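Here are a few exercises to work through with the model open beside you. Try each task before reading its solution.

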Amino acid sequence: QSTCSAPVTRLRDGNFMPRFGFGTWLGFDENQVPIPVTDESVQLAVEMAIDAGYRHIDTASIYHIEDQVGRAVNKKIQEGVVRREELFITTKLWNDAHRREAVVPALRESLQRLNLTYVDLYLIHYPIATETKAFKPYADVDYLQPWPGMVEAHQLKLTKSIGICNYNKTQLQRLWDSHEVKPAVLQIETNLNLQQAELREYCHDNDIAVIGYTPFGSLFPNKLRPGAPPPRVDHPMLVAMAQKYNKTVPQIVLRFNYELGVTPIPKTVTKSRIYENLNIFDFTLDDFDRRDLKNFDTGFRVVDVKFFSDSPYYPF
Ligand code: NDP
């Protein structure tokens with residue numbers, strides 16, 4: 001049974017995007033190695049998420065999970081729970097397909113795995129090009145090169161909107177200044193420790209929507225990076241705030257992300273959390289609490305992809 005769903009926003013290209021989404025990446029282990037896909041838990045989670053009212057689903061070819069996302073989406077469409085046009089599905093171009101002519105074939109392969117005829121949003125995952133799916137060796141391909149391929153994918157109606165992830169301000173500005181078709185979306189890490197004021201302001205001024213990944217930052221033990229600053233989920237100020245609004249700490253954190261103007265895309269494979277996370281559209285943080293939460297902004301990044309730091313285009 002659908003409980004609630006998020007407001008939508010109009011993107012600069014005229015399409016609409018739900019202001020809250022569902023993440024599908026299993027994440028890194030403590031050694032920064034991607035956790036392998038060993039079961040169907042993401043498919044089940046996406047099915048539960050659609051039942052719960054999520055309409056925006058975030059995936060990527062490098063998550064090796066597009067097939068599960070596709071099965072869940074198609075099942076829910078067949079069951080009549082949702083129509084395709086009510087869903088907003090994002091996938092991403094991996095670093096091994098940055099040459100202009102490689103972009104459209106890479107998207108066609110994603111669509112095949114998803115068993116869909118189009119996605120709503122196609123994003124360049126990183127401003128870094130590699131020769132293979134592995135994280136090395138780098139390819140001598142500038143991060144502007146995939147963009148005309150993205151534009152072509154849009155013209156072919158394989159994707160309704162196009163955008164980028166993880167470009168820093170200089171890289172985003174260079175893309176902006178050099179191409180007529182502009183990105184509709186920038187997807188970046190945003191959470192209490194990394195509030196991204198500068199990039200949010202640039203995007204706001206240029207009508208680029210911001211999607212915020214890893215919205216919980218280092219709140220939970222399983223995402224904790226060495227040296228991560230507070231807060232944890234049991235931080236007394238957050239616990240008191242949650243009590244005040246009759247909400248949970250994760251809900252406070254997601255609401256704060258949302259009120260920054262960001263579209264959060266939390267991931268969980270746990271049914272109760274799927275419902276908990278979406279249930280943030282019936283309250284507003286007051287100015288004092290928002291100011292207190294702003295003070296956690298230390299610039300600490302969870303997904304720093306340090307293994308890319310010797311690339312000339314490493315963005316962080
Ligand atoms: P999140 O901040 O969404 O954290 C996910 C973790 O939080 C999981 O371990 C989950 O556990 C746990 N969790 C979720 N909700 C709750 C809750 N209410 N209470 C307690 N624990 C909870 O991190 P992600 O890095 O997954 O980011 C979200 C999504 O953003 C990704 O899944 C992916 O789609 C996207 N992303 C994009 C990137 C990019 O470069 N463009 C990079 C990183 C992420 P469990 O699942 O066990 O319930």
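Two strands pair here if DSSP finds at least two bridges between them. Helices (H or I, at least four residues) and strands (E, at least two) are DSSP runs, numbered from the N terminus. One thing to keep in mind: this is a predicted model, where local features need pLDDT of at least 70 and side-chain atom pairs count only at pLDDT 80 or more, while totals for chains, interfaces and linings use all residues. Residues are numbered from 1 along each chain as its sequence is written.

**Exercise 1. Work out the strand order of the open sheet of eight strands, and find its edge strands.**

Solution. Step one: reading across, the order is β3-β4-β5-β6-β7-β8-β9-β10, and the pairing is parallel. Step two: look for strands that pair on one side only, and you get β3 (22-23) and β10 (263-264).

**Exercise 2. Follow β7 (residues 159-165) and describe how it connects to β6 and β8.**

Solution. Start with β6 (residues 119-124), which runs parallel to β7 and is joined to it by five bridges; Val119 sits opposite Thr159 in β7. On the β8 side there are three bridges, again in the parallel sense, with Ile164 facing Leu186 in β8.

Now trace the crossovers. A crossover is right-handed if, with the strands pointing away from the viewer, the path from the first strand over the helix to the second runs clockwise. β6, helix α4 (residues 146-155) and β7 form a right-handed β-α-β unit, and β7, helix α5 (residues 169-178) and β8 form a right-handed one too.

Last, check burial: seven of the seven residues of β7 are buried (20 or more other C-beta atoms within 10 Å of a residue's own, with C-beta atoms placed from the backbone).

**Exercise 3. Which residues are closest to the ligand, and which helix gives the most to the shell around it?**

Solution. Count the shell: 27 residues surround the ligand (C-beta atom, placed from the backbone, within 6 Å of it). The closest are Gly23, Trp25, Tyr213, Phe216 and Lys267. Helix α9 (residues 271-278) gives the most, with three residues.

How values were computed: A residue is near a molecule or strand if its C-beta atom, placed from the backbone, lies within 6 Å of it. A residue is buried if 20 or more other C-beta atoms lie within 10 Å of its own, exposed if 12 or fewer, and partly exposed in between; C-beta atoms are placed from the backbone.
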